Protein chains: 2
Amino acid sequence: MVKRIDSVKNPQVKMWKKLHTKKERDKTGLFLIEGYHLVEEALRTKQVVKELIVSENVDIPSAWNVDNVSITIVSDEIMKMISDTETPQGIAALCYQQHNELPADAQKVLLLDSIQDPGNLGTIIRTADAAGVQLVVVGTGSVDLYNSKVIRSTQGAIFHLPITKGNLQDIIPVLKEQGVPIYGTSLENGRPYTEVPPVGSFVLLVGNEGNGVEEQLLAQTNENLYIPIYGKSESLNVAVATGILLYYLRGM
Amino acid sequence: MVKRIDSVKNPQVKMWKKLHTKKERDKTGLFLIEGYHLVEEALRTKQVVKELIVSENVDIPSAWNVDNVSITIVSDEIMKMISDTETPQGIAALCYQQHNELPADAQKVLLLDSIQDPGNLGTIIRTADAAGVQLVVVGTGSVDLYNSKVIRSTQGAIFHLPITKGNLQDIIPVLKEQGVPIYGTSLENGRPYTEVPPVGSFVLLVGNEGNGVEEQLLAQTNENLYIPIYGKSESLNVAVATGILLYYLRGM
């Protein structure tokens, strides 16, 4: 199904443009991605792409399977309007947001408390995917998961692993009942991470760039871990710390 | 020694402003930092700060030791001109670039081949400091170490550990003679990193975000390692990967 939009005043164009705001994304349950790599990754994922948006002078790569995908051809002007990059690649897609349930037998789960920087959140998701995490829960208070910078930083990992938004206060007790150890991260009152065995099954909880994980959440974990600092830096970047802990805890 | 500059046409102001270009930084051997945190870290480091630059309405924190530091008071207008942030904190410093020799007994050295992204380079330096690395060598072909985004991302670590620029082709043979194992990183023809023992003494070589470490350099190492990818991501962010490897190799 291919249609064409030429008018910048078309209501669909206005809606796409508005998807750069969290408000519109929340209202519609949709988000916009752009660029060949991300769109390709989205197309590989079942039932994610609602609509492919293509500039009039751009060809859809022949290797892509777009048989059952709605396609809208737009002018370069429209593409520029809906893009948030300076030189759009001319290919974008409207996608459905994910909603995933907690697995009944969580083995490797990552909980994120109030991550503020879009680049950090995206890199954490990319890292979690690489480390074989089964579910990422983005806690309320974090930057919006469907922010375009977050999505870019995931390098497509947002389409590779189950992710959901949720209230960590409610989710931790549910995970705890499953008997998998829940490890918080905290510079105070924690143990060096290497003191716990890399058992492969875990829930890891990491937190805000400046303040770390909220006290109330730390009180609910089985143990709180820290990564020793051997130099004079005060802390590690949260995505780097998450990578070190995930790769350690998963074992070999 | 306190002086005051009010004219935006003052040659010193012009020079400070020019320090946002690599060319001027290379020519002068100087670089400019701004903001309380970075300036405080710089002042704690011997013989780094050439001159403190302070807005007329800003007070130097009383806890800072500025006894032997040249201070220049400037108008807000000048501060705004030389700053690259939208709302300058009103405090900046002119600093000398570092030049460090290779240690005669390298224990933990990090070599960086063509890191392009300033945020990545800064985060890698911050991570290296945290992991107790003794020397970071920024290879030719990397983004300039004294780029303001790099410095911000180090969060001050640029003042905490010895860093130098250099040609890795020449440096690797010198380090090799010291008998410390040199580990490159490569997705192809490498071994999983967990197969080498975490001996504590090592030279780690990481590379460009897209292309990894150059072949010619990989050919000179003792072994090349990779971090297994358990999900569908193609790779890890280079700063995250560096964190995982440094913390693994240093041992506990």
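# Chat about a two-chain predicted model

Biologist: OK, how many residue pairs are in polar contact between chain A and chain B?

Modeller: 18 residue pairs, both residues at pLDDT 80 or more. A polar contact is a pair of N or O atoms within 3.5 Å; within protein, one must be able to donate a hydrogen and the other to accept it, and residues adjacent in sequence count only if both atoms are side-chain atoms.

Biologist: And how much area do chain A and chain B bury between them?

Modeller: About 2500 Å², with 60% of it on carbon and sulfur atoms. That is accessible area (1.4 Å probe) lost on putting the two parts together, summed over both. In chain A, the residues losing the most area to chain B are A:Arg126, A:Tyr230 and A:Tyr247, together 24% of what that side buries.

Biologist: New topic: is H5(B) mostly covered or uncovered?

Modeller: Mostly covered, as twelve of its 13 residues are buried, meaning under 20% relative accessible area, where exposed is over 50% and partly exposed is in between (1.4 Å probe, protein chains only). This helix covers residues 118–130 of chain B; helices (H or I, at least four residues) and strands (E, at least two) are DSSP runs, numbered from the N terminus.

Biologist: What caps its N-terminal end?

Modeller: B:Asp117, with a side-chain oxygen 3.0 Å from the backbone nitrogen of B:Gly119. Just after H5(B), B:Gly132 takes a positive phi of about 80°.

Biologist: Back to salt bridges: how many are there over all chains?

Modeller: The count comes to 26. One of them joins A:Arg191 and A:Glu223, 2.7 Å from N to O. That pair links distant parts of the chain, strand S10 and strand S12 of chain A, 32 residues apart.

Biologist: Are those two buried or partly exposed?

Modeller: Partly exposed: A:Arg191 has a relative accessible area of 31%, and A:Glu223 has 25%.

Terms used: Residues numbered from 1 in each chain as written. Chains lettered and ligands numbered in written order. Predicted model: local features only at pLDDT ≥ 70, side-chain atom pairs only at ≥ 80, totals over all residues. Heavy atoms only, no water. Expected span 1.5 Å × (residues − 1). Salt bridge = Lys/Arg side-chain N within 4 Å of Asp/Glu carboxyl O.
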